[in-house]
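I opened my notebook to look up a few things in this structure. My entries follow below.

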Amino acid sequence: MEPKKILIITYYWPPAGGPGVQRWLKFVKYLPDFGIQPIVYIPENPTYPIIDENLIKEVSDKAIILKQKIFEPYQLASFFSKNKTKKISSGIIPNQKKQSFLDKTFLWIRGNLFIPDARVFWVKPSVTYLEKYIVENNIDTIVTSGPPHSLHLIGLELKQKLALKWFADFRDPWTTIGYHKSLRLSSFAAKKHKALEHQVLNTADTIIVTSKTTKTEFQAITTKPIAVITNGYDIEEVEKQTLDSKFTLAHIGSFLSERNPLILWESLVELINEIPDFKSHLEVKLIGAVSQEVLETITQFGLNSYLNNLGYVSHSEAIAHQRKSQVLLLIEIDSEDTKSIIPGKLFEYMVSNRPIIAIGPNGSDFAEIITETNTGVFFDYSEKMKLKSVILDFYKQFLEGKLQANGVGLQRYSRKNLTKELSHLIQKN
């Protein structure tokens, strides 16, 4: 029996690094196991803010890869300020009070001239190329993955032109994503985003989201079927790691200004002052892009001497740090809009056998997952004393050599099981 062909339209693909690439890289890896032939359409010359060459070897040799050139304004903007352009394109937006004129200008241009985002110029040439390819290769199913949400506009136009089943996959929400309010949108631009979001959600045959809260949010906009398929973990071939000798609290991934957890810094300072040996063991390990505001706050709290800021490392190195750090930090912005965000790294954290300290808004979807799997403790931003108490408890277990997590029910979040779920959805439709 011939495998079913699906066309997957995505922007992030190796050698892109960061969390955006992992979801469809892993789905594509396992789809052939379930009788589906993945054809992946990607930009030929993208402007990726993070590069991880090691991920290239993870691309399935059973996938067909299609590439077309893309024009991105970031390529021009980098002439004015490469550093600022890179940060904005990766979602790291300076604190509003500290934004320079150039920051404000870039954000206004990004939010108002490029709707829904700076990859919008890829829509028309992609539709022209893919319409012909789809007809010639008898493809009846497409998937678009966003952000960038302009890729959903490719799906929208193809759906209007051809007899296709279209799955719109939202790795993050659209108009309620954390940085959306920072884009200095005019009322016209804000309405345009809402209109496009509404059109996509009501034209796609099926919507795929990564959290229950996003499903609920979208159900207020569309009656189309919505499936929740979370991100997950893959079986990683990593050497057995020796645990850090220090009491390391490790944050892995982008540490945005809005995620700055004052209750964590306050708790650490109080424990340093109250517990005689705590400061001789403590290390705060940051891996990935860290905003200047977070670094300045750490300095203000007098925690610089405990900081180990490693910057961006490859995905395989990040996995190694997850396995050897004493405690893993998962921090989300304290906002109603971020309750739906389930960071992709959560699932890799969960299988690392290290306890998680998670901080986020009350009612966060990821709080439920952490509790159900017994992989850590969740705190909202009002629970400083509870947080401090748990850090102290973890520290005591560290001193006794007994600190570890004992997760339960993790198998449901394996990438292979999630791909099986996705394959059933595709074949059912």
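**Entry 1: a loop**

In which loop does P116 lie? I found P116 in the loop between α4 (101-112) and α5. Helices here are DSSP runs of H or I with at least four residues, strands are runs of E with at least two, and both are numbered from the N terminus. The peptide bond from I115 to P116 is cis, with omega near 10°.

I noted two points on method. This is a predicted model, where local features need pLDDT of at least 70, side-chain atom pairs count only at pLDDT 80 or more, and totals for chains, interfaces and linings use all residues. Residues are numbered from 1 along each chain as its sequence is written, and side-chain values use heavy atoms, with hydrogens and water left out.

I looked up another cis bond. P14 and P15 are joined by a cis peptide bond, with omega about 15°. P15 sits in the loop between β1 and α1 (22-30).

**Entry 2: the sheet**

I traced the sheet next. It is open and has 7 strands, in the order β3-β2-β1-β4-β5-β6-β7, with parallel pairing. Two strands count as paired if DSSP finds at least two bridges between them. At the edges I found β3 (64-68) and β7, each pairing on one side only. From one strand to the next, the twist averages 20°.

I looked at β1 (residues 4-9) and β2 (residues 36-43). They run parallel and are joined by 6 bridges. I8 has V40 as its bridge partner in β2. Helix α5 (residues 123-136) packs on the sheet and touches β1, β2, β3 and β4 (141-146). Contact means heavy atoms within 4.5 Å. The direction of α5 makes about 145° with that of β3. For such angles, axes are lines fitted to C-alpha atoms, for helices over the stretch in contact, and the range is 0 to 180 degrees between N-to-C directions.

**Entry 3: strand β6**

I stayed with β6 (residues 206-209) for a while. T206 and I208 point one way, I207 and V209 the other, and all are buried. Buried means under 20% relative accessible area, exposed means over 50%, and partly exposed is in between (1.4 Å probe, protein chains only).

What does β6 pair with? Strand β5 (residues 165-170) pairs with β6 in the parallel sense over 4 bridges. I207 is the bridge partner of A168. Strand β7 (residues 226-228) also runs parallel to β6, joined by 3 bridges. There I208 stands opposite A227.

I followed the chain from β6 through helix α8 (residues 212-219) to β7, which together make a right-handed β-α-β unit. Right-handed means that, with the strands pointing away from the viewer, the path from the first strand over the helix to the second runs clockwise.

**Entry 4: cores**

I207 came up again when I looked inside. The largest nonpolar core has 62 residues, and L7, L130, I134, I154, L158, F170 and I207 touch the most other members. A nonpolar core is a set of buried Ala, Val, Leu, Ile, Met, Phe, Trp, Tyr and Cys residues joined through side-chain atoms within 4.5 Å. A second, separate core of 33 residues includes F278, L295, V327 and L329. In soluble globular proteins, nonpolar side chains tend to be buried together.

**Entry 5: salt bridges**

How many salt bridges are there? I noted 22, where a salt bridge is a side-chain nitrogen of Lys or Arg within 4 Å of a carboxyl oxygen of Asp or Glu.

I picked out K26 and D234, whose side chains meet at 3.1 Å, N to O. K26 is in helix α1 and D234 in the loop between β7 and β8 (247-252), 208 residues apart. K26 is buried at 2%, and D234 is buried at 5%.

D244 and K285 form another salt bridge, with the closest N and O atoms 2.7 Å apart. K285 is buried at 2%, and D244 is buried at 17%.

**Entry 6: two asparagines**

Last, I looked at phi. N353 has a positive phi of about 70°, although it is not a glycine. N353 is partly exposed at 38%. N374 has a positive phi near 55°. N374 lies in the loop between α14 (365-373) and β13 (376-379), and is partly exposed at 44%.
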